[in-house]
Amino acid sequence: MTLMTERPITISGTEPPSFEGLLDALDELYVPDGYKAEIIKGNIVVSPWSKGYYSRVMKSVRRQLEEFLPEGHLIDSSPLLFVFPGVERAYGPDIYAAHERTLETDSNRLDGEGLSFVAELTSVSTRLDDLTDKVETYGKAGVPVYLVLDMQEERAIVFCDPYDKGYQATHTKPFGEKLYIPDPFGCELDTTGFQAPPDKS
């Protein structure tokens, strides 16, 4: 039995592989149930999927934003890989919205520039990348809205107004308050109940 820890597992060789080589390796990689694999900073990083209560938080985000989706866009949280070749990144976001034509492919490598919204729910192992590397990548790709639900600090951060170094504007609210989600959505997200359930131990 192989035990995988909360810490991401980085796979790399002595020679830096090409981005296409990493994508090919990702296709062949066995990823156990409950884990996801992404390409971050030139490495394949395997990290655990979310805690149980994250599911209700993701469902709430999808439900609240669905009626405000841009025409022709879909919102989901099923595991898909979005690729950003220009910066050699490939992410599997927790929640994403994209134009339906972005999803009309038999490839498992989807165009990251087709995204209109991304949300990541942080864990101990992913929090730093969610708040740094992904901010720059999503912004540079022109994703209009990037929402980070910081599950450790119990706050919601929305990044908007993308440019070539990330995002020019951010807004933060503690869980339990409403956070404005800017265009192309133009709505408020109620973060009531996003906190962890009481510890029963």
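Author: Helices are DSSP runs of H or I with at least four residues, strands are runs of E with at least two, and both are numbered from the N terminus. The model is predicted: local features need pLDDT of at least 70, side-chain atom pairs count only at pLDDT 80 or more, and totals for chains, interfaces and linings use all residues. Residues are numbered from 1 along each chain as its sequence is written, and side-chain values use heavy atoms, with hydrogens and water left out.

Reader: In which loop is Glu 88, and what is its phi?

Author: Glu 88 lies in the loop between β5 (82-84) and β6 (89-91). Its phi is positive, about 55 degrees, although Glu 88 is not a glycine. Most residues other than glycine have a negative phi, and most peptide bonds are trans.

Reader: Why is Glu 88 called partly exposed?

Author: Buried means under 20% relative accessible area and exposed means over 50%, with partly exposed in between (1.4 Å probe, protein chains only). Glu 88 has 42%, so the term partly exposed applies. Lys 41, in the loop between β2 (35-40) and β3 (43-48), also has a positive phi of about 55 degrees without being a glycine. At 48%, Lys 41 is partly exposed as well.

Reader: What is the peptide bond from Asp 183 to Pro 184, cis or trans?

Author: That bond is cis, with omega near 15 degrees. Pro 184 is in the loop between β13 and β14.

Reader: What makes β4 and β12 edge strands?

Author: The six strands of this open, mixed sheet are ordered β4-β7-β9-β10-β11-β12. β4 (73-76) and β12 (166-174) each pair on one side only.

Reader: Which strands does helix α2 lie across?

Author: α2 (residues 54-66) lies across β4, β7 (95-99), β9 and β10, at about 155 degrees to β9. Such angles run from 0 to 180 degrees between N-to-C directions of axes fitted to C-alpha atoms, for helices over the stretch in contact. Contact means heavy atoms within 4.5 Å. Helix α5 (residues 133-140) also packs on the sheet, touching β9, β10, β11 (155-163) and β12.

Reader: Why is a group of residues called a nonpolar core?

Author: The term means a set of buried Ala, Val, Leu, Ile, Met, Phe, Trp, Tyr and Cys residues joined through side-chain atoms within 4.5 Å. The largest has 26 residues, of which Phe 117, Leu 147, Leu 149 and Ile 181 touch the most other members. α2 gives the most to this core, five residues. Leaving aside neighbours within four places in sequence, Phe 117 is in contact with residues including Val 61, Leu 65, Val 145 and Leu 147.

Reader: What makes a space a pocket and not a cavity?

Author: On a 1 Å grid over the protein atoms alone, a cavity is a set of points where a 1.4 Å probe fits but cannot get out, whereas a pocket is an open set with protein on both sides within 12 Å along at least five of seven lines. Lining residues have an atom within 4 Å of a point. The largest pocket holds about 340 Å³. Val 31, Lys 36, Ala 37, Pro 79 and Leu 81 are the closest to its centre among 13 lining residues. β2 supplies the largest share of that lining, three residues.

Conventions:
Pairing = 2+ DSSP bridges. Points joined across faces, edges and corners; volume = space filled by probe spheres on them.
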